[in-house]
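Here are a few exercises to work through with the structure open beside you. Try each task before you read its solution.

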Amino acid sequence: MNLGLDIFTVSAVSAGAFFFLAGTVGLLRFPDSLTRLHALTKVDNLGLGLVVLGLLPQANGLFSALKLVSIWLLVQLSGAIVTQLIAVAVRQRGPHR
Amino acid sequence: MASFLVGAAGFVLTMVALGLVVILRRPAEVDHMMAAQLLGTGGVAILLLLAAATETPPIVDVALLLALFAAFAAVAFVRSASDQESKVSKATSGG
């Protein structure tokens, strides 16, 4: 049982770390601000979600597990709003200012 | 398990640092705002991994505050950007 949970943690955290790698590669390779914003916010939020999912079995108690999930939800919500705001700023100011 | 989690935190830290170096070398201000956003998301992941690895639950609170401040910073940036924009448009329309 414990071993199964540890295997779940290792695989989910590894998948999350892979998505952070993918986000950085997107940041390096994509040509303009809007596509880089896309790579940054979506991929990194998915990576954070997988890391949180992997850490859930390691949390001691229901309360701390719920706390982890609510941190992830806060990052999701603020990330979605902030992405829209930055994209509006990019469109108003032009990508090179 | 703890050493694996510390290793994963180090890997994510490397990725975030690499992304920050790349973003901050670009000239556009919007890219700099993205750097703050990247540090917000990646920093939360690193802190949560370290909290689980060292079994220090207060670090989770630090992660929560980092997520909150990243959101505030982005909203402040967009507000100041739109203020500048409205000043410029007033000046051009007035003159």
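**Exercise 1.** Find how helix 1 of chain A and helix 1 of chain B run relative to each other: roughly parallel or roughly antiparallel?

*Solution.* Keep in mind that this is a predicted model.

- Step 1: take the two axes, which come within 9 Å and cross at roughly 10 degrees.
- Step 2: angles under 35 degrees count as roughly parallel, so helix 1 of chain A is roughly parallel to helix 1 of chain B.
- Step 3: look at who makes the contact. Helix 1 of chain A contributes residues including A:V10, A:F20 and A:L28, while helix 1 of chain B contributes B:F4, B:F11 and B:I23, among others.
- Step 4: sort the contact residues by class, which gives 16 nonpolar, 2 polar and no charged.

**Exercise 2.** Now do the work again for helix 3 of chain A and helix 2 of chain B: at what angle do their axes cross?

*Solution.*

- Step 1: these axes come within 11 Å, and the crossing angle is roughly 170 degrees.
- Step 2: angles over 145 degrees count as roughly antiparallel, and the two helices are therefore roughly antiparallel to each other.
- Step 3: pick out the partners. Among them are A:L68, A:V75 and A:I86 in helix 3 of chain A, and B:V30, B:M34 and B:L48 in helix 2 of chain B.
- Step 4: the class count here is 12 nonpolar, 3 polar and no charged.

**Exercise 3.** Work out how many residues each chain gives to the contact between chains A and B.

*Solution.*

- Step 1: chain A gives 42 residues and chain B gives 38.
- Step 2: on the side of chain A that touches chain B, helix 1, helix 2 and helix 3 of chain A each give two or more residues.
- Step 3: helix 3 of chain A supplies the largest share of that side, with 15 residues.
- Step 4: by class, this side of chain A holds 23 nonpolar, 13 polar and 6 charged residues.

**Exercise 4.** Locate the largest nonpolar core and follow one of its residues: which residues have the most contacts inside it?

*Solution.*

- Step 1: the core has 53 residues, and those with the most contacts inside it are A:V51, A:I86, B:V12, B:V44, B:L48 and B:L49.
- Step 2: helices 1, 2 and 3 of chain A and helices 1, 2 and 3 of chain B each give two or more residues to this core.
- Step 3: the largest share, 14 residues, comes from helix 2 of chain B.
- Step 4: follow A:I86. Leaving out residues up to four places away in sequence, A:I86 touches A:L37, B:V30, B:M33, B:M34, B:A74 and B:V78.

Notes
Residues are numbered from 1 along each chain as its sequence is written. Chains are lettered from A and ligands numbered from 1 in the order in which they are written. This is a predicted model: local features need pLDDT of at least 70, side-chain atom pairs count only at pLDDT 80 or more; totals for chains, interfaces and linings use all residues. A nonpolar core is a set of buried Ala, Val, Leu, Ile, Met, Phe, Trp, Tyr and Cys residues joined through C-beta atoms within 7 Å. A residue is buried if 20 or more other C-beta atoms lie within 10 Å of its own, exposed if 12 or fewer, and partly exposed in between; C-beta atoms are placed from the backbone. Helices (H or I, at least four residues) and strands (E, at least two) are DSSP runs, numbered from the N terminus. Two residues are in contact if their C-beta atoms, placed from the backbone, lie within 7 Å. Ala, Val, Leu, Ile, Met, Phe, Trp, Tyr, Cys and Pro count as nonpolar, Asp, Glu, Lys and Arg as charged, and the others, Gly among them, as polar. Axes are lines fitted to C-alpha atoms, for helices over the stretch in contact, and angles run from 0 to 180 degrees between N-to-C directions. Angles under 35 degrees count as roughly parallel, over 145 as roughly antiparallel, 65 to 115 as roughly perpendicular and the rest as oblique.
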